[in-house]
Amino acid sequence: MKLRTAVFFGGESVEHEVSIISGHQAMEALNPDKYEVIPIYVAKDRKLYAGDALRDMRNFRDLDEVKKMCTQVTLASIGSQVVIQPVKSGLFGKKDLGTIDVAIPVMHGTNGEDGTIQGLFEMLKLPYAGCDLIAAAVGQDKVHQKYILSGAGLPITKWFWCYGSELETKKDSILDQVHKLIYPVILKPACTGSSVGISIAHNDEEYLKCFENAAQYDLKVITEKVVKPMREVNCSVLGDSFHAEASVLEEVFHSSDDELLDYKDKYQGGSKGAKGAKGSKGMANTSRKVPAELPDGVTELIKNYALETFRVLGSSGVCRIDFMMDAETNTVYVNEINTIPGSLSFYLWEESGLKFPDLMDRLVQLALDRERRRSRMIFSYDTNLLSTYSENSAKGAKR
């Protein structure tokens, strides 16, 4: 009997289209002999849609049209099953569109990678792949993430953060902190990915403009010291708190002389991409060297840092940890974790000897294993304190 596996993609995030690409890559990699694949599209208005039209990437050229071709749905926990139900059904229409055994969220950024949809799955007791609610939230919020990494003794660059709303009232003190870092500095929203809203400033005038740009995408803005000359190296980690392994490393190259690899470089570049990808290649389209050619000892050092980052952040599933390396001193810094990386980092695992369909098998198995462990945990007591409720006793309830 095939496992009914729902792949969730889209979302309200600025990475909506990137998620559609990654979601289709994941669906294509799921073995049809093992899984009944169910595409669930989360539109930019947060509504869920199901239907065969979602299987064809060409339909997403017009995001409004593709919704008209599908059925708006909701998820309901009925008995021991999670059921896909149409929001509107006629008198003689179907009351449900089947059940889901396991979910695979392939949603980047807001409401998909930040713990929001993971919370929905947990309320439904639906097994799901990837990080749990807490790890997803910490992985998305780079401010909390950096505090944890620093507290664990992992190397990060000099940085500070503030709320975007504080620029008007604390401009001088913010600039004082920037001057202590010394230009150039990099600014980024705390909770976005795919290099959205990220820019580099070389002086106060540029900094203020870059700050306003970053503040459009999140409430918090991070400022970091630029590592220069810099090499960008990434490592994927697969597993959970019981066992995890690191992939081969990749070095990512810029498509121009710019100091920053931006959204356009990552997803609209002209390189051939990774072998084995079908259709749009997402992050697989970026210019890279796999495996990365690094000085003796640096490869193992980065792999160890990646595994420790994965562990201290409570991660699970497949993640990608991004590093910055000083090209002159070979000093390595942890940049950030991507808890649902573009293309699920399949190209790194293929180079490590794990094919994409096998990677998807591992993700499903990790999801089921976690749900089995959680089913044995105590979350509430089988008692009802209100069974002896009275108005008099309620007055002193806290005492």
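Modeller: Lys 94 sits in the loop that links strand 5 (81–86) with strand 6 (99–100). This is a predicted model, by the way, so read everything here as computed. Lys 94 has 61% relative accessibility, and the cut-off for exposed is over 50%, so Lys 94 counts as exposed. If you skip residues up to four places away in sequence, Lys 94 touches Pro 86 and Ser 89.

UniProt, in an unreviewed entry, lists Glu 15, Ser 194 and Ser 343 under "active site". Glu 15 is in the loop between strand 1 (3–10) and helix 1 (16–29), and because its relative accessibility is 4%, Glu 15 counts as buried. Ser 343 belongs to the loop between strand 16 (332–338) and helix 10 (346–351). With a relative accessible area of 1%, Ser 343 is buried too.

Follow the chain on from Glu 15 and you are in helix 1. Twelve of the 14 residues of helix 1 are buried, so the rest of the structure largely encloses this helix. Among the buried ones are His 16, Val 18, Ser 19, Gln 25, Ala 26 and Ala 29. Its length checks out as well: at 1.5 Å a residue, helix 1 should span 20 Å, and its end C-alpha atoms are 20 Å apart, which agrees.

Helix 1 also brings us to the largest nonpolar core. That core has 38 residues, and Tyr 41 and Met 360 have the most contacts inside it. At least two residues each come from strand 1, helix 1, strand 2 (35–42), strand 7 (102–105), helix 10 and helix 11 (356–375). Helix 11 gives the most, with seven residues. Domain 1 (3–130) and domain 3 (229–265 + 283–339) each put at least three residues into this core. As for Met 360, leaving aside neighbours within four places in sequence, its contacts are Ala 26, Ala 29, Leu 30, Ile 104 and Leu 344. There is a second, separate core of 31 residues, which includes Trp 159, Val 298, Phe 310 and Val 332. As a bit of background, nonpolar side chains tend to be buried together in soluble globular proteins.

Five strands form an open sheet in the order 14-13-12-15-16, with antiparallel pairing. Strand 14 and strand 16 stand at the edges with a single partner strand each, so one side of each has no neighbour in the sheet. Further in, strand 12 (residues 230–239) and strand 13 pair in the antiparallel sense over seven bridges, and a hairpin of four residues joins strand 12 to strand 13. You can trace this pairing residue by residue: Val 233 stands opposite Glu 251 in strand 13, while Leu 238 stands opposite Glu 245. Strand 13 also runs antiparallel to strand 14 (residues 288–289), joined by two bridges, and there Val 252 has Arg 288 as its bridge partner. Seven of the nine residues of strand 13 (residues 244–252) are buried, so strand 13, like helix 1, is largely enclosed by the rest of the structure.

Terms used: Residues numbered from 1 in each chain as written. Predicted model: local features only at pLDDT ≥ 70, side-chain atom pairs only at ≥ 80, totals over all residues. Heavy atoms only, no water. UniProt positions renumbered as here; feature names shortened; annotations may be inferred. Buried < 20%, exposed > 50% of the residue type's maximum accessible area, 1.4 Å probe, protein only. Core = buried A, V, L, I, M, F, W, Y, C linked by side-chain atoms within 4.5 Å. Domains from an automatic or database assignment. Contact = heavy atoms within 4.5 Å. Pairing = 2+ DSSP bridges. Expected span 1.5 Å × (residues − 1).
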